[in-house]
Amino acid sequence: MTTLEIELKALMLASLDGNAASYRSLLDQLSRRLRAYYKAKFAALGRGTSEAEDLVQEAVLAIHLKRHTYDPREPLTPWVHAIARYKLIDFLRRNRASLADVPIDQADEVMANDDHRGAESTYDIRRLMGRLPKGMQCAIEAVKLDGLSIAEAAKRCGLSESLVKVNIHRGLKTLAALIARETRT
Amino acid sequence: MKTDDLVALLSTNLEPVDRNAVVRTLCVAIATGAILALGIAFVGLGFRPDLTTPGALIFLAVKVAFAIGVVGLSLAYLTRLARPGGERKISPLLVALPFLVVVVLAAISLGSAPRAHWERMIVGDEWLECLLSIPVIAIVPFAVSIWAVRKAAPTNLSRAGAFAGLIAGGVSAMAYALHCTDDSMPFIAVWYGGTIVLCTLAGAALGPRLLRW
């Protein structure tokens, strides 16, 4: 087992317990690995690498929304790789690309390289958020952008605390779907 | 948007997650599906009138044991298949075990019976009812299992769909067993086994469409 796997798994376990700093560090490192992974895949498929950043963000959102499916008894790398590959194939299918050319790869590949040259994706999250229902918009803005606590957000949005949490989750899910639709070329 | 901003957004006010969510959701879904299937079988078909006689109870126990074997094994697989990459570590052949046992028992019971009885043992009285009822009753537990798998993140959609179908078929067979009065091993092997396989194939075909995330 590589030291990277050990380090990232420890961050993931802390994240599942709600440690925001660990989670930030985890997503930061994963997004750099994913960037290198997707750029390499796109290059191998003869596509431009400009779409890679969209896919990095899709994968990061998927990792966030599906983090409860990580089994702590298993290593982290294959789990991340399965999500990354699933999103790659989903992306290519959406864009009617041939799937025959996608090579079978090893789980380690997703962690193989580090690319920190963060770029902008092609969509604007603020604009997409405008298309969410009011309750979801308010909950995400208050808690995720303005950093209010759940209790404060509940007061601001006029929702119960559990409804704020539900709205954040549903809102991020809807955002992920909107992004997927947006990045269909 | 910058990826850094997305990372910052997602990690702000992070909520802890329940590590047992996948398993618990699936178990709750299967239990709900089983209760609904029993209700549908009772209201739609009624339970067999001789339910408490020893002869009926033995075959009821065999049918239910077969169905529970199928459901238990496929549930164990589905808890893995519902997770990203879960399909890599398993070879789902073990799930054929209950079918194998039933087929062997059917062969033994055919072997020890005169040839003239074979047709009656295999076809029974209500083969058509069985053929239709198990897939129809399976629809509701199938919908509930698909809902549960959608909450997780399968990466092999046809296989996850197949196992959702297999569970639904097993749950449905268990409910139908309370109504069915055809008591012979060959009947169980052909019509119970066959319809459960049918549900599995339907699940495999529907999986890619129903389970995308």
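How far apart do the C-alpha centres of domain 1 of chain A and domain 2 of chain A lie? They lie 24 Å apart.

## Model and conventions

This is a predicted model, where local features need pLDDT of at least 70, side-chain atom pairs count only at pLDDT 80 or more, and totals for chains, interfaces and linings use all residues. Residues are numbered from 1 along each chain as its sequence is written, while chains are lettered from A and ligands numbered from 1 in the order in which they are written.

## Domains of chain A

Chain A splits into domain 1 (3-111) and domain 2 (125-182). Those bounds come from an automatic or database domain assignment. Seven residues of domain 1 of chain A are in contact with five residues of domain 2 of chain A. Contact requires C-beta atoms, placed from the backbone, within 7 Å. Helix α3(A) gives the largest share of the domain 1 side, six residues. By class, that side holds three nonpolar, two polar and two charged residues. Here Ala, Val, Leu, Ile, Met, Phe, Trp, Tyr, Cys and Pro count as nonpolar, Asp, Glu, Lys and Arg as charged, and the others, Gly among them, as polar.

Helices (H or I, at least four residues) and strands (E, at least two) are DSSP runs, numbered from the N terminus. Helix α3 of chain A covers residues 52-65. At 1.5 Å a residue, its 14 residues should span 20 Å, and its end C-alpha atoms are 20 Å apart, which agrees. The expected span is 1.5 Å times one less than the number of residues. Of the 14 residues of α3(A), 13 are buried, so the helix is largely enclosed by the rest of the structure. Buried means 20 or more other C-beta atoms within 10 Å of a residue's own; exposed means 12 or fewer, and partly exposed lies in between, with C-beta atoms placed from the backbone.

R85(A) sits in helix α4 of chain A. R85(A) counts as buried because it has 22 C-beta neighbours inside 10 Å. R85(A) and Y38(A) are 47 residues apart in sequence, yet 9.2 Å apart in space, C-alpha to C-alpha.

## Chain B

Chain B has eight helices and zero strands. Its C-alpha trace spans about 75 × 35 × 25 Å along the principal axes. Of its 213 residues, 46% are buried. Among contacts between residues at least 6 apart in sequence, 89% join residues at least 24 apart.

Helix α8 of chain B runs over residues 185-210. Its 26 residues should span 38 Å at 1.5 Å a residue; the end C-alpha atoms are 35 Å apart, which agrees. α8(B) bends by about 30° at A204(B), and a proline, P208(B), follows within four residues. The bend is the angle between axes fitted to the seven residues ending at a residue and the seven starting there.

## Shared core and chain contact

The largest nonpolar core has 111 residues, of which I83(A), L78(B) and I167(B) touch the most other members. Helix α7 (residues 157-177) of chain B supplies the largest share, 14 residues. The core draws at least three residues from each of domain 1 and domain 2 of chain A. Such a core joins buried Ala, Val, Leu, Ile, Met, Phe, Trp, Tyr and Cys residues through C-beta atoms within 7 Å. Leaving out residues up to four places away in sequence, I167(B) touches I30(B), V71(B), S74(B), L75(B), L78(B), P141(B) and S145(B).

The contact between the chains takes 38 residues from chain A and 28 residues from chain B. On the chain A side, α1, α2, α3, α4 and α6 each supply at least two residues. That side divides into 16 nonpolar, 11 polar and 11 charged residues.

Conventions:
Two residues are in contact if their C-beta atoms, placed from the backbone, lie within 7 Å.
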